[in-house]
Amino acid sequence: MTETETRDMEPNHARTGLPESTEARVQTAAAFYRRPMLAAYDLFVLGLMSRLMWRCPPGRMLAHYDRQVGASHLDIGPGTGWFLDRCRFPVRTPSITLLDLNEVALATAAHRIRRYRPETLVGDAFRPLAAGPARFDSVGLNFLLHCLPGTMAEKSVVFDHVAPFLRPGARVFGSTVLGEGPHHTRRSVKLLAKLNRSGVFNNLGDGTAALDEQLRARFTDVETARVGAVCLFTARSPETR
C-alpha cells in the first residue's frame, strides 16, 4: 500500500439526495481548512480555542483517543493528524485510513503520520463511503459533527455510512463542540455565533442529549461526557447484526 493511495469519491446528488444548500454549507466548512489555517491549526484551534474557549484541552481528547483507537482505524476529518501522531495504538503497525473532503488537509495529516503509511480517501462524510472491503476496529470523528450542517439527526447519517465498515464490537468515538447553553461562557458564545455566521460551524442547536439519542439508535455501550463546551462520545458496533 502506498503512503497516500487515494480513492476519489465523485459527487452524486441523485444517489445521495443531498440538497444543494447542504452541499454548499459542507463545502464552505471544508474550504476553511487551507494551508494558512492548517499551519496555525495546532496552536490556534487545539492550543487556544480548545483550551481557552471550549475549555477542553487537547490532552483530554488525546486520552480519549488512547482509550478508543483500534488496530485498524478510520479517521474522518483528521485535521492536521495531531491526535493520530500522538495517540497510543494497541499495535506497533496499525492500519490507518484517513477521509476528508479537503485534499490539502488530507495530505497534511497523511504526511504527518507517514510512518504508518496511511491510506487516504477524498470524500464527504455525508455520502456513502467508498472504502471497498475494508473493515475497521475503530472510527474517529474528532471535531467533525459541529462543522456539519443540519440537526443532530441529519448529521447522524455519518454513523449510518460508517456502520457497514465496522467489525463487530468496533468503537465509534470522537468529540464535538456543543451549541448554545449554560456550558458556554460569554466569550465562547460570541465566538460560537461568529463561527456559525461564517459557515465554519453549524452547531447552534447541537446538544448532548440529541447526540446520545442518535448513537443509541445505532450502537451499544454509548457513553457521552461533557468537558467544558465539548462533548466526548463513544459507542460500540453490535457484536452481532
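A polar contact is a pair of N or O atoms within 3.5 Å; within protein, one of them must be able to donate a hydrogen and the other to accept it, and residues adjacent in sequence count only if both atoms are side-chain atoms.

First, the ground rules. This is a predicted model, where local features need pLDDT of at least 70, side-chain atom pairs count only at pLDDT 80 or more, and totals for chains, interfaces and linings use all residues. Residues are numbered from 1 along each chain as its sequence is written, and side-chain values use heavy atoms, with hydrogens and water left out.

Now the overall picture. The protein has 10 helices and 8 strands; these are DSSP runs numbered from the N terminus, helices being H or I with at least four residues and strands being E with at least two. Of its 241 residues, 54% are buried. Buried means under 20% relative accessible area, exposed means over 50%, and partly exposed is in between, using a 1.4 Å probe and protein chains only. Contact means heavy atoms within 4.5 Å. Among contacts with a separation of 6 or more, 70% are between residues 24 or more positions apart.

Let us start with strand β5, residues 136-142. Is this strand enclosed or open? It is largely enclosed by the rest of the structure, because 6 of its 7 residues are buried. Two strands pair if DSSP finds at least two bridges between them. Strand β2, residues 72-76, pairs with β5 in the parallel sense over 3 bridges. Strand β6, residues 166-177, also runs parallel to β5, joined by 6 bridges. Ser-138 shows both pairings: Ser-138 is the bridge partner of His-73, and in β6 the partner of Ser-138 is Arg-171.

Next, helix α3, residues 35-53, which holds the serine I promised, Ser-50. Ser-50 counts as buried because its relative accessibility is 0%. What does the side chain of Ser-50 reach? It reaches the backbone oxygen of Val-45, at 2.8 Å. Leaving out residues up to four places away in sequence, Ser-50 touches Val-45, Arg-55, Cys-56, Pro-57, Met-61 and Phe-143.

Leu-43 is in helix α3 as well, but Leu-43 counts as exposed, because its relative accessibility is 62%. Together with Phe-44, Leu-48 and Leu-52, Leu-43 forms a nonpolar surface patch with about 390 Å² of accessible area. Patches are made of residues with over 30% relative accessible area and no salt bridge; like charges are joined within 9 Å, and nonpolar side chains (Val, Leu, Ile, Met, Phe, Trp, Tyr) within 5 Å.

That brings us to salt bridges. A salt bridge is a side-chain nitrogen of Lys or Arg within 4 Å of a carboxyl oxygen of Asp or Glu. By this rule there are 11. One of them joins the side chains of Arg-112 and Asp-42, at 2.8 Å from N to O. This pair links distant parts of the chain, with Arg-112 in helix α6 and Asp-42 in helix α3, 70 residues apart. Arg-112 is partly exposed, at 23% relative accessibility, and Asp-42 is partly exposed at 23%. Another salt bridge is between Arg-86 and Asp-85, whose closest N and O atoms are 3.9 Å apart. Asp-42, Asp-85, Arg-86, Arg-112 and Arg-115 are linked in a network of salt bridges.

While we are at helix α6, residues 103-112, its buried residues are Val-104, Ala-105, Leu-106, Ala-109 and Ala-110. At the start of α6, a side-chain oxygen of Asn-102 comes within 2.9 Å of the backbone nitrogen of Val-104.

An α-helix has 3.6 residues a turn, so residues three or four places apart point the same way.

Last, His-64 in helix α4, residues 58-68. His-64 counts as buried because its relative accessibility is 6%. Apart from neighbours within four places in sequence, His-64 is in contact with Phe-173, Gly-174, Leu-232, Phe-233 and Thr-234. That is all I have.

Terms used:
Accessible areas come from the Shrake-Rupley method with a 1.4 Å probe; for residues, only the protein chains shown count as cover.
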